[in-house]
Amino acid sequence: MALTTINTMPPAVQEHFDKKMLAVHIPDLIYGFGVMRRDMPANAGRYARLGRLKNFPLAMIPLPTSGITPPSVSTTRTDIDVEIQFFGQWSSTNEQVVLQNENAVLNDFSNLHGISLRRTEDALIRDCIMSSAAFIRAVGGGNGDIPTEVSASDIDAVTTELIGNDAKRMFQLLHGEDRFGSAPISNAFMGLCHSNMIPSLNAMPDFTERASYPRPDMALEQTEEGSIHKVRVFVSSQGAIMPNASALGNDVYPLTIMGAEAVVAIDQDSFTSQFVYRPAYINDPLARNSTMAWVACFANAISDDEWILNLQCTI
Amino acid sequence: MSGIMIQPVQGYFTSDGTAKFLEIPGGFDWIETLNLTVAAAAASDDGVKFLFDPHSMAQGTGYQEQSTAAGATNALRPSILAAGTGFYNIDTSNQEPGASVALTAISADPVPEVTAATVVGLNNGDTVRIYNTVGAQQLGGIDFTIGNVTGGVGGTFELSYMAQIAAATTGTFRKIPFNPIYYPRNRVITKISQATQAVVTLSVTHGYNVGQKVRFVIPEVTATAYGMTALNDVVATIVAVSTVNNTITIDVDTSAMTAFAFPLTADGDFTPAQIVPAGMNTATALQYGVNIHSDASRNTAQLGVLLMAGANSPAGVDGDVIFWRAGQSFTINNQ
């Protein structure tokens with residue numbers, strides 16, 4: 001009996017390429033989430049300047065009955081300067097790729113450029129914080145390294161310092177509700193760290209996972225891991241790592257804890273993030289190669305160094 | 001590459017006898033240098049022309065054409081540069097530390113001297129991170145600018161701005177390739193004088209300017225360390241800087257404060273004393289004629305190339321005039 005099989009008659013085309021591409025790995029972007037946004041007007045130079053006045057002293061002494069006027073008071077201003085800088089990235093694609101590849105190459109590339117833009121923005125804010133902000137080493141853990149793994153006492157040390165410096169918390173109280181296993185969440189500062197910290201966070205007895213919030217739907221973003229005392233913690237695979245920075249040479253994971261208005265990101269008016277596509281017939285004498293790009297202005301600074309601390313931890 | 005070709009870039013400089021960094025913001029696929037001084041001089045064995053392709057050549061190497069010695073054929077003689085004498089493709093946003101290197105001693109000298117398994121690849125002004133020490137545990141995880149790098153295998157270097165400590169026997173260090181990319185930077189304090197205008201020494205080259213404000217973080221580690229806790233949380237204005245001693249002078253009188261004392265090896269886990277950039281005192285900057293924006297927060301990362309110095313290296317020797325040209329080009333795989 002003669003039987004026709006794929007051995008004698010293989011498919012002329014051996015495969016089907018699914019044009020819907022698989023998900024690109026996109027880190028959660030946490031560092032730009034809590035920054036203060038300010039605008040830099042166009043035609044106003046290269047630097048944005050923010051100023052903060054020093055408080056007047058208290059007036060604790062009663063005014064004299066003699067009618068004599070007490071001395072006047074004065075103040076000083078601290079200026080925070082930020083240089084506006086431009087960033088960008090581009091790719092060039094030959095017409096054959098667009099013509100012959102099965103997927104929507106240009107659509108997919110534009111998506112990649114968008115991801116690159118936002119990842120860059122977040123990483124720059126992260127690196128600004130890592131470069132300039134004060135740090136404190138965790139000492140409350142027990143792993144024998146310096147710093148140790150994170151502990152509740154370390155968190156408390158940081159929040160005590162921030163509150164002592166009059167930092168304002170960024171999240172309101174989440175009232176307790178009559179739900180098993182839940183607990184009220186304090187009004188809190190924002191905590192930002194690498195996702196490798198998750199086991200250390202969950203190991204703290206007082207750590208409340210987001211699932212145990214009075215209303216878990218009140219957790220912010222999918223990046224919110226949970227809360228510990230006065231800090232709500234957000235994690236990302238793009239969180240900060242300081243390689244080999246512990247006393248034993250292990251990687252250090254800074255847990256950035258900050259209040260409102262601790263970090264500023266400046267947007268340049270008349271130059272928002274731009275996507276630039278130059279089709280091949282404009283870009284190339286032979287109309288073969290197109291280009292795609294993003295350009296943007298990013299400018300970041302610590303706007304109040306007393307309202308942000310990096311808690312250095314190992315894991 | 002597209003129909004828009006990125007134009008080559010070029011320039012020239014006069015060598016000061018040290019390695020030269022050239023910023024090339026667009027990156028490069030090739031670079032060549034021409035030592036005009038050697039080319040114009042009587043024939044010698046010195047290098048005239050150098051070439052580097054970061055895609056096919058190892059970091060620190062390159063191609064060289066040497067002038068031939070007087071009385072010889074007067075032709076250019078080609079050779080491949082030895083590792084460490086040529087070109088390095090540089091991206092200063094790279095924060096990955098170098099390989100771990102064992103150290104065998106840290107001295108108790110006024111400027112602590114480190115004896116290492118090797119100091120090859122280290123230069124004066126580099127930054128190292130020390131950890132896992134036996135003795136001198138208070139240095140663990142802290143970065144230091146180094147100087148007086150001497151020798152190769154078994155060589156030494158100094159922790160240029162560190163206070164005197166008790167000696168250590170073993171440990172490890174890694175070279176930290178570049179500064180954190182944003183300026184101004186948090187810095188660890190190693191010394192503070194007791195003076196009407198205190199002089200503060202920092203462990204790593206600071207880059208601060210007169211007029212900048214800094215906030216002090218001086219933890220209480222023990223009864224004696226860090227000692228000068230009265231300075232904790234004080235915001236001071238910088239009135240002078242020394243790039244030689246890596247110090248800042250501040251407008252705070254510390255003469256009546258307890259002496260600053262760096263912790264000892266037995267002092268356990270502690271947070272290092274540090275200064276934190278806190279903005280600009282514009283009045284002081286104007287008074288001293290300093291750029292009032294010199295404190296500005298900015299990204300300092302650069303792309304470029306480092307040219308090593310020497311008679312047979314692309315940066316030449318002191319006084320040599322070096323022309324350079326770099327560019328981008330298509331890469332075609334011929335394998």
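In strand β22 of chain B, residue B:L303 is the bridge partner of B:D91. Strand β22 (residues 303-307) is joined to β7(B) by five bridges, and the two strands run antiparallel; strands are DSSP runs (E, at least two residues), just as helices are runs of H or I with at least four residues, numbered from the N terminus. Two strands are said to pair if DSSP finds at least two bridges between them. Strands of a sheet pair through backbone hydrogen bonds, either parallel or antiparallel.

This pair belongs to an open sheet of three strands in chain B, with the order β2-β22-β7 and antiparallel pairing. Its edge strands, β2 (20-23) and β7 (87-91), each pair on one side only.

The model is predicted: local features need pLDDT of at least 70, side-chain atom pairs count only at pLDDT 80 or more, and totals for chains, interfaces and linings use all residues. Residues are numbered from 1 along each chain as its sequence is written, while chains are lettered from A and ligands numbered from 1 in the order in which they are written.

Chain B also meets chain A: 39 residues of chain B are in contact with 40 residues of chain A, contact requiring C-beta atoms, placed from the backbone, to lie within 7 Å. On the chain B side, the largest share, six residues, comes from β20(B).

Chain A itself is divided into domain 1 (36-53 + 77-131 + 265-302) and domain 2 (135-262 + 308-313), with bounds from an automatic or database domain assignment. Their C-alpha centres lie 31 Å apart. Each domain gives eight residues to the contact between them. On the domain 1 side, helix α2 (residues 105-132) of chain A gives the most, with six residues.

Terms used
Contact = placed C-beta atoms within 7 Å.
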